[in-house]
Amino acid sequence: MTAFSELSDKIETRQAHAGVIGLGYVGLPLAITLARSGFSVTGFDIDPGKIVALDAARSYIEAVTDEALAAEVTAGRFRSTSDFVELAQCDVIIICVPTPLTKHRDPDLSFVEATSRSIAAHLRPGQLVVLESTTYPGTTDDVVKTILEETGLKSGTDFFLGFSPEREDPGNRDFQTATIPKIVAGDGEDARKLMQAFYGAAVKTVVPVSSNATAEAVKLTENIFRSVNIALVNELKIVYAAMGIDVWEVIEAAKTKPFGYMPFYPGPGLGGHCIPIDPFYLTWKSREYELPTRFIELAGEINSAMPRYVVSSLAEALDIRAGKALSRSRVLVLGLAYKKNVPDIRESPSLRLIEIIEERGGRADYHDPFVAEIPKTREYMALKGRKSVELTEEAVRSYDAILVSTDHDDVDYAAVAGWAPLIIDTRNVFAKLGLMAEHIVKS
């Protein structure tokens with residue numbers, strides 16, 4: 001029996017043991033989805049705190065409830081560990097680790113490379129290795145494959161290699177891992193067939209494409225599409241504001257057109273792991289081919305500039321409406337997470353807003369019903385440990401301005417409107433609620 005046919009049989013009969021490396025917003029929901037479909041799953045993570053929580057059936061990811069986690073732990077289909085020696089026991093190994101940018105906006109593949117070396121140390125014939133981390137076209141075949149083949153084993157013969165981009169959307173209750181169509185690709189026909197069989201056993205719809213590089217490009221295209229369109233409305237916001245036109249009113253009217261238009265909305269900047277980062281992976285890779293990506297880079301520049309635009313609007317409003325300089329003001333940033341109704345602060349523009357306000361001499365605190373304390377982050381170490389301010393009348397009145405950065409539903413905006421001397425609204429939340437007043441300024 002060949003390595004391909006043996007692994008195919010294991011997948012078909014749910015006897016294949018899956019290992020998921022990186023138990024964050026992507027890895028943990030995927031691991032539980034695989035376990036629910038009948039596979040035995042081991043989750044790997046270098047964070048001992050996550051292992052302790054998972055062993056106690058405590059989920060730290062909103063998409064996975066404690067009950068769902070406990071059900072798979074109790075059934076013996078899911079367990080977690082930080083011991084990578086156990087990778088040798090896994091038939092399918094899925095990499096779900098971060099792919100951030102360096103401070104020079106170049107791809108940082110250190111997590112992917114380190115994980116690939118950990119897998120290589122325990123690689124054996126008959127395994128399927130999958131990369132899910134978002135990256136530039138060519139990473140799976142040029143980086144992961146190269147590291148794994150240093151063992152002397154060959155992709156497509158001894159082991160199999162594939163790419164399937166994650167499509168998680170934190171806070172979106174309409175879609176779960178099992179119901180989001182899954183793009184799959186492999187290094188060769190056998191690898192692609194194994195990818196289709198494996199993911200098809202756990203996900204409702206599988207969409208195969210011709211190569212790993214194509215699948216990597218699909219993920220980048222999805223997020224570049226959003227980045228460019230958000231940049232467009234952010235730029236329109238600035239232009240229309242100068243003309244005295246409300247961009248949100250324009251968008252609401254434009255979206256009544258039943259064809260040829262899709263609404264995107266402006267904000268204080270981009271957040272989350274994907275949209276602020278992924279476009280730069282393609283712009284970096286395009287340099288290898290001496291091809292410019294002016295459109296994509298321009299969108300990145302516009303979106304990256306939005307926090308400074310918002311703080312400038314804040315400073316102008318304080319000067320004109322309160323007769324006070326930002327350098328002598330206290331500001332409460334409403335919402336720390338990068339999107340509403342989630343605790344996810346990855347790449348959140350709120351962190352940058354706080355930083356810029358304090359660079360200009362002001363003092364910034366925050367309130368977020370989902371983030372009690374700012375955790376350790378790579379870029380904002382100075383903010384670590386700051387705690388969410390309770391949203392009381394006394395607290396709100398003590399600030400010179402309230403800056404709405406994230407429009408969580410669990411906030412009494414009517415009360416805030418009544419208490420705050422000045423509000424800068426980057427999400428149009430007050431207008432949506434019919435709370436219009438002279439001291440509420442859109443930005």
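1. Salt bridges come to 28 here, counting a side-chain nitrogen of Lys or Arg within 4 Å of a carboxyl oxygen of Asp or Glu. Bear in mind that this is a predicted model, where local features need pLDDT of at least 70, side-chain atom pairs count only at pLDDT 80 or more, and totals for chains, interfaces and linings use all residues. Residues are numbered from 1 along each chain as its sequence is written, and side-chain values use heavy atoms, with hydrogens and water left out.

2. Take Glu86 and Arg79: their closest N and O atoms sit 2.5 Å apart in a salt bridge. Glu86 is buried at 16% relative accessible area, while Arg79 is partly exposed at 40% (buried is under 20%, exposed over 50%, partly exposed in between, with a 1.4 Å probe and protein chains only).

3. Asp91 and Arg124 also pair up, at 3.0 Å from N to O. Asp91 is in the loop between strands E3 (78–81) and E4 (92–95), and Arg124 in the loop between helix H5 (110–120) and strand E5 (128–131), so this bridge ties together parts 33 residues apart in sequence. Helices (H or I, at least four residues) and strands (E, at least two) are DSSP runs, numbered from the N terminus. Asp91 is buried, at 4%; Arg124 is partly exposed, at 23%.

4. Lys340 and Asp409 meet at 3.2 Å, N to O. They link distant parts of the chain, 69 residues apart: Lys340 is in the loop between strand E9 (330–334) and helix H12 (349–359), Asp409 in the loop between strand E11 (401–404) and helix H14 (413–419). Lys340 counts as partly exposed at 34%, and Asp409 as exposed at 52%. There is also a network: Arg330, Glu358, Arg363, Asp365 and Arg386 are joined by salt bridges that share partners.

5. Now the helix packing. H8 and H10 (residues 278–286) pack at about 115°, axes 8 Å apart (axes are lines fitted to C-alpha atoms, for helices over the stretch in contact, and angles run from 0 to 180 degrees between N-to-C directions). That makes H8 roughly perpendicular to H10, a label covering 65 to 115 degrees, with under 35 roughly parallel, over 145 roughly antiparallel and the rest oblique.

6. Val239 belongs to H8 (residues 212–242) and is partly exposed at 37%.

7. Last, Gly271, in the loop between H9 (247–254) and H10. Gly271 is buried, at 12%.
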